[in-house]
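Q: Please take a close look at the surroundings of the ligand and explain them step by step.

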Amino acid sequence: MQNLLELDREGLERFFVEVLDEKRFRAHQVMKWVHHRHVTTFEEMTDLGKALRAKLEQHAEIVVPNTLFDKPSVDGTHKWLLGMDGGNAIEAVYIPDKGRGTLCVSSQVGCALNCTFCSTATQGFNRNLSTAEIIGQVWVAARHLGNVPHRERRLTNVVMMGMGEPLMNFDNVVRAMSVMRDDLGYGLANKRVTVSTAGLVPMIDRLATESDVSLAVSLHAPFDALRNELVPLNKKYDIETLMDACVRYALRKKGESVTFEYTLMRGVNDQIEHARALARLMHEFDRRVQMKDAAKVNLIPFNPFPGTRYERSSADDIRAFQKVLNNAGLVAPLRRTRGDDIDAACGQLKGQVLDRTRRQAEHKKRLEAQGGFDAVA
Ligand code: SAH
């Protein structure tokens, strides 16, 4: 049985032509039924003939994530806890704002990167999400919102900033993003789909050649010693190596900016010296890609979670930090904290991760085989 949510347009066309021996345009009809009208049975696809529907019953299925519960926040944010195979659960969060609606999507069950200030890290790593499980989050949110592409579009942006490191699940993330950007899928503009990474350098280069989306990089510190502590992946790809990759990305996507996320933690990375060093890094980036405002800083007040040793920076320190950046001529908006009453704010997504020890070992083996990141916890 083929779950149709696993396939992007190309895959679906191939499935229709090669497996079902049908015309390509049939794939397009079905794609619209699935992603525009949120239908899960072939019976409902009334513009398909009976014979084709019967064939589809036999070879295909439409399996969407199971909503364990969903919860609105007082500020309009909405969180879904979605059940995945093996008793795991992941979270997706919808954040409405003036003129746009952003869905924050997870890419893995747990995360292997161990960033010390992120609550997903405390869960350890279980496994990558499949394409169906990634696009399924968009499907669930779009259905809930009554989203109709080209008409009532409540879902305008997707950020791969939920649980997990999207670039460690490259193929499934890229395939799911292709459905997000497809007119037969969710019709989002390239710029409105963002991959956020802790800095997996080889995969940033691969992304530059294989997909047209916006890039956000979780920087959090302008000095290697500090970044080593906050984002252990920095020991493998230090700031200079990471900035080089960001420059290559921006040069390849002419005219596109890169966003640098910076979570502000009291007394850790929120002092004037940090702001000045960050401004220098950003200027250097603009200079190398020869574009003003090529680097955008996104300041995020730290969101606490049980057991964390960090605290949110004071309002005064946040203002002073931002002022240094603004005075240096940099775009550096402060991300408003949304959904923290339902634990849906950045870094608060935890889901539910079971049976992670075995999976962790498997994942580590796989990564080593790829010659990739070898410092997995
Ligand atoms: N692994 C990817 C995507 C997930 S994190 C990445 O690292 O970019 C999404 C964003 O939330 C990142 O910028 C991350 O650093 C930030 N974040 C993590 N924990 C946080 C916390 N406790 N408070 C505020 N932001 C946090």
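A: Strands here are DSSP runs of E that hold at least two residues, and they are numbered from the N terminus. In this predicted model, three such strands, β10 (193-197), β12 (258-264) and β13 (295-301), each contribute at least two residues to the shell around the ligand. The chain as a whole contains 13 strands, together with 11 helices.

The shell itself consists of 22 residues. Phe117, Ser196, Ser218, His220 and Asn303 are the closest of them to the ligand.

Individual atoms of the ligand may be considered next. A nitrogen atom of the ligand lies 3.0 Å from a polar backbone atom of Gly164. An oxygen atom of the ligand is found 3.4 Å from a polar backbone atom of Thr197.

Of the 377 residues in the chain, 55% are buried. The accessible surface of the chain amounts to about 16,300 Å², and carbon and sulfur atoms account for 47% of that surface. Where contacts in the chain link residues at least 6 apart in sequence, 67% of them join residues at least 24 apart.

How values were computed
Residues are numbered from 1 along each chain as its sequence is written. This is a predicted model: local features need pLDDT of at least 70, side-chain atom pairs count only at pLDDT 80 or more; totals for chains, interfaces and linings use all residues. Side-chain values use heavy atoms; hydrogens and water are left out. Helices (H or I, at least four residues) and strands (E, at least two) are DSSP runs, numbered from the N terminus. Buried means under 20% relative accessible area, exposed over 50%, partly exposed in between (1.4 Å probe, protein chains only). Contact means heavy atoms within 4.5 Å. Accessible areas come from the Shrake-Rupley method with a 1.4 Å probe; for residues, only the protein chains shown count as cover. A residue is near a molecule or strand if one of its heavy atoms lies within 4 Å of it. A polar contact is a pair of N or O atoms within 3.5 Å; within protein, one must be able to donate a hydrogen and the other to accept it, and residues adjacent in sequence count only if both atoms are side-chain atoms.
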